[in-house]
Amino acid sequence: MCVYSSLESQGLLPVNMHEFQEFCRPDADRFALLTSSLKRRNIPFDTIPIGNARHISLPLPQSFGMDKEYYRVTLVAHYDRVEGTPGANDNSAAVFQLISHWEDIRALGWQHRTQILFTDREELT
């Protein structure tokens with residue numbers, strides 16, 4: 001089970017609690033749920049297949065026209081879960097917080113060089 005009470009006490013509940021709870025289910029297809037959530041939120045993404053893994057990369061919104069001297073910041077969270085391990089349950093909040101972070105930056109119109117990567121099969125490497 002995901003750490004609902006911890007998120008609630010910190011004021012960090014995802015906007016769509018049902019989506020978050022589905023993501024935390026042990027039998028959830030996290031790739032399908034994550035890509036569906038990104039599409040619903042109109043967040044562009046690329047899937048990066050490497051072997052059996054399907055990583056998901058979010059682009060750098062509003063980075064055009066920025067001085068190339070600024071550092072690129074890469075934020076990473078794994079979304080996978082393997083039977084018998086905590087898997088995405090220990091990182092579900094991070095996945096949804098990074099989505100929220102991307103949406104906040106887009107809404108504010110900030111120019112930045114932040115990219116987000118959701119990794120797959122982290123539990124198997």
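Reader: Helices (H or I, at least four residues) and strands (E, at least two) are DSSP runs, numbered from the N terminus. Which loop holds asparagine 42?

Author: Asparagine 42 sits in the loop between H3 and strand E1 (46-50). The model is predicted, with local features needing pLDDT of at least 70 and side-chain atom pairs pLDDT 80 or more, while totals for chains, interfaces and linings use all residues. Residues are numbered from 1 along each chain as its sequence is written, and side-chain values use heavy atoms, without hydrogens and water.

Reader: What is the phi of asparagine 42?

Author: Near 60°, which is positive, in a residue other than glycine.

Reader: Buried or exposed?

Author: Asparagine 42 counts as exposed because its relative accessibility is 59% (exposed is over 50%, buried under 20%, partly exposed in between, with a 1.4 Å probe and protein chains only).

Reader: Back to H3. Which of its residues are buried?

Author: In H3 these are Arg30, Phe31, Leu34, Thr35, Ser37 and Leu38. Seen down the axis, the buried residues of H3 fall within an arc of 155° (taken from the directions from the helix axis to the C-beta atoms), so they line one face of the helix.

Reader: What covers them?

Author: The cover over the buried residues of H3 includes H2, E1, E2, H4 and E4, where contact means heavy atoms within 4.5 Å.

Reader: New topic: the largest nonpolar core. Which residues touch the most other members?

Author: Leu34, Ile56, Leu58, Tyr79, Val95 and Phe118, out of 19 residues. Such a core is a set of buried Ala, Val, Leu, Ile, Met, Phe, Trp, Tyr and Cys residues joined through side-chain atoms within 4.5 Å. Helix H2 (17-24), helix H3 (30-40), strand E2 (53-58), helix H4 (92-108) and strand E4 (114-119) each supply at least two of this core's residues.

Reader: Where does the largest share come from?

Author: From H4, with five residues of this core.
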